[in-house]
Amino acid sequence: MTTSVGVVLFPGSNCEHDVVEAVKGLGEDAQLIWHGDQTLPPVDAVVLPGGFAHGDYLRPGAIARFSPIMESVARFASDGGPVVGICNGFQVLTEAHLLPGALQKNRGLTFLCMPVDLEVASTRSVLTSGVHVGDRLRIPINHFEGNYTCDHETLAELKGEDRIVLRYVDNPNGSVDDIAGICNPTGNVVGLMPHPERACDALLGSEDGKSLWRSLFTWALDRAAAR
Amino acid sequence: MVEVSLRPGIADPQGATIERALPALGFDSVHGVRTGKAIRFSIDAGDEIEARTRVDELCRRFLTNPVIEDATVTLTSDSAINGAAEGAMR
């Protein structure tokens, strides 16, 4: 059975085709979904891609949160559907309150575009269910506002509930507790700043993103089988 | 006018960078630089209380991210502005 991944296209998204290519390259199916649509087509997983949705005006994700499709995405998420926000998609998920905290300007005010080493911190998320805690992955980042921040209570909750999914080995942006990615309490909603879709081909320097995508496909397949 | 500022304790790299640059320009005695943004708009409301309630709601839901930002709202009555303008014309 093929996993069908819906990739939401906001005005200003720019990584949607990278996600579609990565998913198709792994033998699964992907389609773009316009942000102005009210309902999701039948998909097994939803990805909010990177870019600058609505020009990042006001704050990254602040306007995208009100895109018509987001109500359906929230419903899909509350039904247990896998939702992954990458980079700008992570910012949208925090603005939509599907994930806690916020993403601030990088420490040092530098736009960062480079491969970084990540360490898997939890395997209870849709994106990391097929890898192991402590695994090292080399995946590129590409952001100005990737400095994850939250209050002490939220951080304690994230730690206590094993919801910090990925950590930077060498923190590039000032994120609290080296956080590169987190998930919701049920693990089906994940936000991360690094771009696993850009680490799926040796020609691009790394294939480490593949194991994350395969985790997502397996989770989606198990969920479909259980329904 | 809504002034959006980072909450106390939230790092402000932009403010810190400005502060670091100031001594090079000879401004040695400036401390605690914090940046923010100002958003100006008009709102139709029956009275000041209604206007403030609606602007507070707008700030909470959209203009600020309460995780990292605070809003300071300053209301100016349009009729007061018009009145002042008329006064100036007389």
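Let me begin with a definition: a salt bridge, as I use the words, is a side-chain nitrogen of Lys or Arg within 4 Å of a carboxyl oxygen of Asp or Glu. With that in hand, we can look at A:Arg59, A:Glu95 and B:Glu69, which are linked in a network of salt bridges.

Before I go further, a word on what we are looking at. This is a predicted model, in which local features need pLDDT of at least 70 and side-chain atom pairs count only at pLDDT 80 or more, while totals for chains, interfaces and linings use all residues. Residues are numbered from 1 along each chain as its sequence is written, chains are lettered from A and ligands numbered from 1 in the order in which they are written, and side-chain values use heavy atoms, with hydrogens and water left out.

How confident is the predictor? The pLDDT, which is the predictor's confidence in each residue on a scale from 0 to 100, averages 85 in chain B, where 87% of the residues score at least 70. Over residues 82-90 of chain B, however, the pLDDT is below 50, and beyond near neighbours in sequence this stretch has 0 contacts in the model, a contact being heavy atoms within 4.5 Å. Where pLDDT is low, the predicted coordinates should not be read in detail. For the complex, the predictor gives an ipTM of 0.78 and a pTM of 0.89.

Now to the place where the chains meet. The contact takes 16 residues from chain B and 15 residues from chain A. The area buried between the two chains is about 1300 Å², of which carbon and sulfur atoms give 61%; buried area here is the accessible area, found with a 1.4 Å probe, that two parts lose on being put together, summed over both.

Between chain B and chain A the count is 1 salt bridge, and in it the side chains of B:Glu69 and A:Arg59 meet, at 3.7 Å from N to O. Helix H1 (13-21), strand S2 (36-39) and helix H2 (48-63) of chain B each supply at least two residues of the side that touches chain A; helices (H or I, at least four residues) and strands (E, at least two) are DSSP runs, numbered from the N terminus.

Stepping back to chain B as a whole, we find 3 helices and 3 strands, and read along the sequence they follow the pattern β-α-β-α-β-α. Buried residues make up 22% of the 90 residues in chain B, where buried means under 20% relative accessible area, exposed means over 50%, and partly exposed is in between, with a 1.4 Å probe and protein chains only. Among contacts in chain B between residues at least 6 apart in sequence, 58% join residues at least 24 apart.

Over all chains, the structure holds 12 salt bridges, and I will show you three of them in turn.

In chain B, B:Arg7 forms a salt bridge with B:Asp70, the closest N and O atoms being 3.9 Å apart. B:Arg7 lies in the loop between strand S1 (2-6) and H1, and B:Asp70 in strand S3 (residues 69-73), so the pair ties together parts that are 63 residues apart in sequence. B:Arg7 is partly exposed at 35% relative accessibility, and B:Asp70 is partly exposed at 32%.

Also in chain B, the side chains of B:Arg54 and B:Glu50 meet in a salt bridge at 3.5 Å, N to O. These two are 4 residues apart in helix H2, which separates them by about one helical turn.

In chain A, A:Arg136 and A:Glu119 form a salt bridge, with their closest N and O atoms 3.0 Å apart. A:Arg136 lies in strand S7 (residues 136-143) and A:Glu119 in strand S6 (residues 112-120), so this pair ties together parts 17 residues apart in sequence. Is A:Arg136 buried or exposed? A:Arg136 is exposed, with a relative accessible area of 53%, whereas A:Glu119 counts as partly exposed at 31%.

Finally, please find A:Ile69, which lies in helix H2 (residues 69-78) of chain A and counts as buried, at 0% relative accessibility. Leaving aside residues up to four places away in sequence, A:Ile69 touches several others, among them A:Val8, A:Ile33, A:Trp34 and A:Leu40.
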